Amino acid sequence: MQMGDRFSRSLALAKESIAVLRRTPSLMWFPVISGIVTLVLTISFFIPLYIITGGKDLEKVNPAVGYPVMALFYFVSYFIVIFFNAGLVSCAHDSLHGRDTSFGHGFQNAMRHLPAILGWTLIASTVGMILQMIAERSGIIGRIVVALLGAAWNIITYFVVPILVVEQGSPVAAVKKSGGMLKRTWGENLIGNGGIGFVLVFAALVPVLPMVIAFAVAPVAGLVLLAISILYWLALGIAGAAMQGVYQTALYVYAETGTTPSGFSPEYISGAFTVKEPGMLDKLRRR
């Protein structure tokens, strides 16, 4: 797929996701509150840690304490993101099926699935921490391999949260079903088609050139534009997270039912993933 085609596809998906957000504006509260809670957690964790260790890594100062503390931080930070994403997906699922919903409804539904969400948080945070530790101790080749493994893991587990909040079951069963849904719907050797990410990246770059020019011509104007840009990026991040949740839910509905949710284009939903061309090693194995 050409870059221009990917951008036009991304733009169309963004417009379709925004239409759902306009219909259910309460979805925007989930990334807002998730971001605030995550920021408070990070500040309350790292500032005391910095003071105690004098700016050194706790794992190096005292590994027996450092690794458990970092594991706890990973778990809590992952839980915040997963929990509020679960609420967002729950509301998006109702909205895509024409049902009235609200932030409170999504929050309550996430609470009803709290044990499963905690179980998935434990799995996801453990995998994330292990991959990060390997990457930090590897060279450039090792980091590339870890990045590829992380991307594959993210694709395989793409539907775990929708499965947990819409259906019943354990996190392990959700991981298995997520991989099975992807394989059944889109085939093997999947790679992402970018989703709405292309248009979000482009939108994030919009203020950069004017800001650089403003700093070169009038530094005060540059500072003002920088402040405006920061607010713009925050708003874009919130909207982008909400749109990603809506898009993820729409793909889940398509993979589960075989029908495209109302308001989304069938060709864009069915083309969410593409099949990677087999490499030389795969071709040799098939011979």
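Which residues of α2 are buried? They are Phe30, Pro31, Ser34, Leu41, Phe45, Leu49 and Thr53. Keep that list at hand while we walk through the structure, which is a predicted model.

**The whole protein**

Let us start with the overall picture. The secondary structure comes to 14 helices and 2 strands. Of the 287 residues in the protein, 38% are buried. The protein exposes about 15700 Å², and carbon and sulfur atoms supply 70% of that area. Contacts across the sequence are worth a look too: among those between residues at least 6 apart in sequence, 75% join residues at least 24 apart.

**Helix α2, from end to end**

Helix α2 covers residues 29–53. It has 25 residues and reaches 36 Å from its first C-alpha to its last, close to the 36 Å expected at 1.5 Å a residue. Just after α2 comes Gly54, which takes a positive phi of about 70 degrees.

An α-helix has 3.6 residues a turn, so residues three or four places apart point the same way. With that in mind, find Leu41, Phe45 and Leu49, which are among the buried residues of α2.

Now compare a residue on the other side of the cut-off. Leu39 also lies in helix α2. Is Leu39 buried or exposed? Its relative accessibility is 53%, and exposed means over 50%, so Leu39 counts as exposed. In space, the C-alpha of Leu39 is 9.5 Å from the C-alpha of Ser77, and the two residues are 38 apart in sequence.

**How helices meet**

Two packed helices are described by the angle between their axes and the distance between the axes.

| Helix pair | Axes come within | Crossing angle |
|---|---|---|
| α2 and α5 | 10 Å | roughly 60 degrees |
| α9 and α12 | 9 Å | roughly 75 degrees |
| α6 and α9 | 9 Å | roughly 70 degrees |

Take α2 and α5 to begin with. Angles from 65 to 115 degrees count as roughly perpendicular, and these two axes cross at roughly 60 degrees. The helices α2 and α5 are therefore oblique to each other. On the α2 side the contact is made by Trp29, Phe30 and Ile33, and on the α5 side by Phe103, Gly106 and Phe107. By class, this contact has 5 nonpolar residues, 1 polar residue and no charged ones.

Next come α9 (residues 171–186) and α12, whose axes cross at roughly 75 degrees. These two helices are therefore roughly perpendicular to each other. Helix α9 brings Lys177, Met181, Arg184, Thr185 and Trp186 to the contact, while α12 brings Leu251, Tyr252, Tyr254, Ala255 and Glu256. How many charged residues does the contact of α9 with α12 have? There are 3, along with 6 nonpolar and 1 polar.

Helix α9 also meets α6 (residues 114–136), with axes that cross at roughly 70 degrees. This pair is therefore roughly perpendicular as well. From α6 come Ala116, Gly119, Trp120 and Ile123, and from α9 come Pro171, Val172 and Val175. The residues of this contact divide into 6 nonpolar, 1 polar and no charged.

Leu251 is found in helix α12, and with a relative accessibility of 1% it counts as buried. Leaving out residues up to four places away in sequence, Leu251 touches Tyr158, Phe159, Trp186, Ile269, Ala272 and Phe273. Phe159 is 92 residues from Leu251 along the chain, yet their C-alpha atoms are separated by 8.5 Å.

Trp233 is also in helix α12, which covers residues 219–257. Its relative accessibility is 29%, so Trp233 counts as partly exposed. Beyond its neighbours within four places in sequence, Trp233 is in contact with Ala204, Pro207, Val208 and Met211.

Finally, visit Asn109 in helix α5. With a relative accessible area of 10%, Asn109 is buried. Neighbours within four places aside, Asn109 is in contact with Ser90 and Val165.

How values were computed. Residues numbered from 1 in each chain as written. Predicted model: local features only at pLDDT ≥ 70, side-chain atom pairs only at ≥ 80, totals over all residues. Heavy atoms only, no water. Axes fitted to C-alpha atoms, helices over the stretch in contact; angles between N-to-C directions. Helix = DSSP H or I, 4+ residues; strand = E, 2+ residues; numbered from the N terminus. Parallel < 35°, antiparallel > 145°, perpendicular 65-115°, else oblique. Contact = heavy atoms within 4.5 Å. Nonpolar A, V, L, I, M, F, W, Y, C, P; charged D, E, K, R; others polar. Buried < 20%, exposed > 50% of the residue type's maximum accessible area, 1.4 Å probe, protein only. Expected span 1.5 Å × (residues − 1). Areas by Shrake-Rupley, 256 points an atom, 1.4 Å probe, with all protein chains shown as cover.
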